[in-house]
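This report is meant to be read with the sequence and the structure open side by side. It goes through selected helices, sheets and cavities in turn.

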Amino acid sequence: MKNIRTYISLCLGMMLLCVACGEDYLKEQTLDRFSPENSLVNKSGFDAYLVTLHRFAREENFEDRPDPMGNGTDVATSGVADGRFFTDYTQLNSQTDVVVSYWNWAYAKMLKVANLVITRAENPNVNWTEEEKNAVLAEAKFFRAYTYNTLVNLYGGVPIIDREQSVPRFDFQRATRQEVLEFAMQDLEFAVQHLPVVRSGLTSDGRIFKAAGLHLLTEVYISMGRVTNDASYYDKAIEAATKVIDKSAGDYQLMTQRFGDLQRPGDVFSDLFWTGQQNRSSGNLESIWVCQYEFGTLGGGEQENVTVRWWDLSLKMPGVPITAMPCW
Amino acid sequence: MKKHITYFLAQSIGMLLLGLPPGYAFAQSQSMALNTPEAAAHLHNLQQAGQSLKRALSQLEQKYKISIIARDQLLHGKTAGPVSTYPSVEEALTDVLKGSKLTFKKIKEGFYVVRPVEENMPGRDKADSLSSRNTAAPSLKAQRIARTITGKVIDEQKQGIPGVSIVLKGTTTGTATDAEGNYSLNIPEENGTLIFSYIGYLSQEVAIGNQNEINITLSPDIKSLEEVVVVGYGTSRKIDLTGSVASVKMENVAMQPNVNLVQSLRGSLAGVQVTDNGRAGADGSIVIRGFSSISGSNAPLIVLDGIPYYGGLSDINSNDIESIDILKDGSSAAIYGSRASNGVIMITTKKGKGDRPKLTYSAYYGRSDFASVPKMMGPERYLQLKQDASVFTGRDLTQLNPLEQANFDAGRTIDVWDAIKQEAPVQSHELSISGKTNRITYYLSGSYVDQKSPLYGDEFSRLSSRLNLDVNITDWLTIGTNTGFSVKDYSGIAAEYGYANLLSPYSELYFEDGSPRRLPMNDGLGVNPLFNTLHNDNRDVRYNLFSNIYADVKLPLKGLTYRIRNGNTLLQSEVFNYAPSYNKEGFNTLGSGSKSHSKTYNFLLENILRYDKEIGSGHNMDLTLLYGVESSTVNGSSLSANNIFNDALSYNGLGIGENQTITTTATESKAVSSMARLGYRYREKYMLNFTVRRDGFSAFGDGKKFGVFPSMGASWVLSNENLLAPITWLDLLKLRFSYGKNGNRGVDPYASLSNVSPVYYVFGDGGVPATGLNPTSFPNPLLGWETTLSTNLGLDFGFFKSRINGSVDFYTRNTSDLLLQLTIPNVNGYNQFFANVGKMNNKGIELTLNTINLDTKGFQWASSVVYTLNRNEIIELNGKEDDIASRRFIGEPLFSHYDYLYDGIWQKGEDFSIDPAAKPGYLKFKDLNGDGKITPEDRQVVGTSQPDFTWGITNNVTYKGFTLSFLFNGRVGGITPNPVINPGTNFYDRVNVLDLPYWTPENPLTDRPSVGYPNPLGYGFYEKRDYVRLQDVTLAYSLPANLINKIRLDNVRVYVSGKNLKTWTDWNGYDPENGETTIYSPTSGPLIRSWVLGINIGL
């Protein structure tokens, strides 16, 4: 009889032992991926999200097909005008690929990341200096304004999302065109205060400097002037643009002398666009913000470089007609 | 005599008795006795004369639903008093046999043997009389009787067993044991095999050799007495089931060339839809009772030897499988609550049987080909198509590309599907040893399968081994293991057959030196399907170690057992790729490659306590309690590099490349489970089952991790009621009802969290990649279980001694809190949100009908029909609105198609006002809303890809040693968009299209549009997926025993078997079953038709 009790209590004991693990046992820890919580903790974490914004900004040029902004206009048109390529702007509706893809680019890429950075920068536990924080916020706000400026010019008044969303919402309302422009303007006015003045060097090529902010702000001021009929915005636009022109926001100038590979036939204007001659480090002082492509390098984006893939014959196979290129 | 296993007791006893020597009869149940006129007359006489003992025993059989076995001589002339009511069967028997000098022995639950009381037993006489036929026959050829074999037959308790039949295999020479179990038998000089058989015990065969004394221990055959199904944490007799369980008898499919276990389930089970994708060694997909989830998993849970199994079914050697039981309804599956909503497939591997070690060798070899391939435009039609397209579109004739032109000039054409074909042998070898000694049961096997599919480069081989071992250490402790190991090799790159549908017949796949061209028709759309196959290196090997160890402890309280079980699965894979440098055709790339390793480890620990108790007469209950924990860890890493300047080391030379990247993956998920099941049975008439399971899973949001899943089941065996019992033609009538709630946790780890992925960007000319982070999913801390409430009503029936039997099931499955990738406004920052939203319903009918159509003089024709009808309906999505973008509509099935309504082809001279952009040769659509225009509002749900119903018929014809079986199956209903039948939306001016007729002004078809039809509205081009298929045909022949005994073998069977032999369908895609329509990189393709020649040898 004693044996029986030992047996049973042993077994039940084992079962109960396991009951003891419970909620804690099921607590989930991500092992192989970052989360906003564990990555947005210091300057370098925030910088990683800024890299993503640069990447997404480049993807604007490759959002769907290369046709959206040119094909069917006086820039170019498809040789196959039978409906396989979008060319007819009278047919635009909310399901048209072009319409969907720019909207998606803006909200599901640019604004998602920019708002995440801006919202999480409020976290008092982030380990950074006030200066570092403002530099991060300035770049994020530049991209947010850049996106809203694109949106407002393509779609008119659009919903303004100013924060990271914690739960899905279904009640978005269009803001007015003016409200969107004002929002972009405020972002840029903050950005131009904190964006750095341009400097040369490997890691700064492609970055956003004060002049880029001022340039975009100029555009937004002009739009504001037109929307509000308030002429003072034009004065502000002139003021902002002047800072770029008079070099108070960095050493920019129109290139007047040939530079780069002088063996190449051409003129100074063509010099501005050769691969390897677009960044400041190559001596090009005319460019304010350069989208970066690097052939054959991870993140170099040659697949996204639509211009090169479609029209630059240097990458083409010699002797093969253009129709034989792999498409997208 | 092969023992046939049937649904119910009386029948199985009847069949078993056919194996007894003449001179034996038994107290037949009334229903049996009345089957012959003689017996009926005899019974009538007995009734006139008074109560005979035989009659009394027969009444007891009826009353207690037991089987009583007795020799006729013992009962002859004996009488008994009237049968009254007794507290137990034993007391009843004691009373009835009282005064007859007979006693009884209980073999097992429900089975009793009547035998003489020891001291009065006229043992020797009986044995002599029984062997009289032995002495009579040999007397004619007495000179051949060379020696006498003697011995004793005992049971596991070392008691002699009287009446055991001993027959010299392949002859009529035989005898039986006496009261002490002794026997003596004269045999000819030649060696032979003795067969020892006795009802309720496993038969044994012993080679005589030089022995003159052969002693045998017979072990009771528990399982052969009634069909047993595996139900999760235990087994159940089929008669006791309350739910809906489909079982596969592996012996029926053992001779099909099924490289994958999944194939043996295909087409032959009601409610189970298996889809074969036609690739070598691929795991097909299984859906049970319709789709219940939209974004979660629809795959059933697979339980291998009691342990949830995460490897592929292609890891398992089909020959190692004893049985497959599929738990379809809510209550049977509820035992695996959290993952059971898609049904559970219980796979049980073989265990050793019989005292004598048994060695089996099975092998087959065969050839295969595509079952069918799409027919593409041949050279003339291809050129004509370009002409016709030019006329239709009014544009210049598309010229042949330079390479095409060169081939045209030279008169060279190719058939692309022919060009991507290879010799496709398939072979399999399997060797197993199994057996059982006093305390050890063992099964050991090794197998090798090698398959080449007809698709160039599509190859598969598997090496597998298994050890199943049980060691009975003491009478209260058994320790055992089921361990299997497999290595699957998928190395090589299959030809990209999607491109075979695009290439011009004037393509040139190879350069003159034999190396493959990348662009065989000078067009970027028409890539050489063989380029990667021939040019690149690939190694893809997967290792699977599955080991499950358990200990069964009989606790000192009768009926109480404890089992602790530890399951371990280790899955490893190596996927290596290398693309060497290529500098032809204007391409100039250096080598690039990758090496990926992944390891998955699953751990499971379960404690199971089980208590069986008989409470009073006829009342039985059992209680099962479970507590278990589980974890799954995945670790992987991948290395890649490009610009590798030297190809000599292939993927092992990544170190010299540029852009070296490292990717690491690691996930972990955990689960805890507790479960209680209470069962109650009353005399095989009423059965009740209650189960409740509580499961916790780590991937769900905080606070949503646990779910509780209750269920109940009840069944009522009407045919065992006194009212119906006398109906002789009625063998079984049983009603089953079950109701239960199951969960689906088919989400990936971290699904409820915000996941962040790396992205890269390069700052500055010649810069290094900068790493960015991008959040890719919206977190949902409220993500929880998807639950399905299932109701099942079933009826099992058997008529005319099981000549007709089967079952019908009606079910409904209501799924709520659907795991749904909800499309949300992307203004939120994400396009999708993984949430528990919406409801879906499945309801259906399943029918299984087994009949023995003919059974005369060694010729038998049996057939089995299955019919499955499932209706799927989305009840609710987010809110009440249809989700048109995802093609989900309230009140319509999943996979519905929303499109314009096809209304023929526009012809010359018709009124084009509703579609002014159309011209003759365009598709005409119906103006549904009658506004005089074709607008997006004229779209509606035009159909679904899901079938109306599916069916299968298996036929088995046996004659002497021959068995012919063939399986037809098919589906009716369902349409799927098949874009390849549109004659040329997709670049008809650049690539080839399917060889189907098309509209031309000269030949204005009314059902096909013109080539060059631009399909401005994006119409889906739907085709019916109805088909009838002759899926499996097997002809087998078992060599006669006297022939194979001469070569000292036990049994030899040869067979020829074919798979996917013929399909009748109007579908123009690869195959109507998988319905694949993707053009550029399809995952399913044409099925494989194979013929194999096989042999099974038993020693």
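Predicted model: local features only at pLDDT ≥ 70, side-chain atom pairs only at ≥ 80, totals over all residues.

## Helix H4 of chain B

The buried residues of H4(B) are B:Leu53, B:Arg55, B:Ala56, B:Leu57, B:Ser58, B:Leu60, B:Glu61 and B:Tyr64. An α-helix has 3.6 residues a turn, so residues three or four places apart point the same way. After H4(B) comes B:Lys65, whose phi is positive, near 55°.

## Chain A and its helices

Chain A contains 11 helices and zero strands, and its pattern along the sequence is accordingly written α-α-α-α-α-α-α-α-α-α-α. Of the 328 residues in chain A, buried residues make up 47%.

One residue of this chain can be followed in more detail. A:Met110 belongs to helix H5 (residues 97-120) of chain A. With a relative accessible area of 0%, A:Met110 falls under the 20% limit and is therefore buried. A:Pro124 is 14 residues from A:Met110 in sequence, and the two are 24 Å apart in space, C-alpha to C-alpha.

## A four-stranded antiparallel sheet

In chain B, four strands form an open sheet in the order E6-E5-E8-E9, with antiparallel pairing. Strand E6 (174-176) and strand E9 (204-207) of chain B stand at its edges, and each has a single partner strand, so one side of each is left without a neighbour in the sheet. Neighbouring strands of this sheet are turned by 20° against each other on average, direction ignored.

## A five-stranded mixed sheet

A second open sheet of chain B has five strands in the order E13-E18-E19-E16-E17, and here the pairing is mixed. Strand E13 (245-249) and strand E17 (307-308) of chain B stand at the edges with a single partner strand each, so one side of each is left without a neighbour in the sheet.

Strand E16 (residues 301-304) of chain B shows both senses of pairing: two bridges join E16(B) to E17(B) in the antiparallel sense, whereas E16(B) and strand E19 (residues 344-349) of chain B pair in the parallel sense over four bridges. B:Leu304 stands opposite B:Ile347 in E19(B) and also opposite B:Ile307 in E17(B), while B:Val303 stands opposite B:Pro308 in E17(B). In a regular strand the side chains alternate between the two faces of the sheet. In E16(B), B:Leu301 and B:Val303 point one way and B:Ile302 and B:Leu304 the other way, and all are buried. The hairpin of E16(B) and E17(B) has two residues between the strands, and B:Asp305 takes a positive phi near 50° there.

Strand E35 (residues 786-799) of chain B pairs with strand E32 (residues 730-744) of chain B in the antiparallel sense over 14 bridges, and B:Phe737 has B:Leu793 in E35(B) as its bridge partner.

E35(B) also pairs with strand E36 (residues 804-816) of chain B, again in the antiparallel sense, over 13 bridges. Here the bridge partner of B:Leu789 is B:Asn814 in E36(B). E35(B) and E36(B) form a hairpin with four residues between them, and in the turn B:Phe800 has a positive phi of about 50°.

## Cavities

A search of the whole structure finds 15 cavities of 30 Å³ or more. The second largest cavity holds about 380 Å³ of space. Of the 29 residues that line this cavity, the closest to its centre are B:Val272, B:Gln273, B:Val274, B:Pro947 and B:Thr950.

Strand E14 (272-275), strand E40 (859-876), strand E45 (949-959), strand E46 (962-972) and strand E49 (1027-1038) of chain B each supply at least two residues of the lining of the second largest cavity. By class, this lining has 11 nonpolar, 13 polar and five charged residues.

Technical notes: Residues numbered from 1 in each chain as written. Chains lettered and ligands numbered in written order. Heavy atoms only, no water. Buried < 20%, exposed > 50% of the residue type's maximum accessible area, 1.4 Å probe, protein only. Pairing = 2+ DSSP bridges. Axes fitted to C-alpha atoms, helices over the stretch in contact; angles between N-to-C directions. 1 Å grid on protein atoms, 1.4 Å probe; cavity = no way out; pocket = protein on both sides within 12 Å on 5 of 7 lines; lining within 4 Å. Points joined across faces, edges and corners; volume = space filled by probe spheres on them. Nonpolar A, V, L, I, M, F, W, Y, C, P; charged D, E, K, R; others polar.
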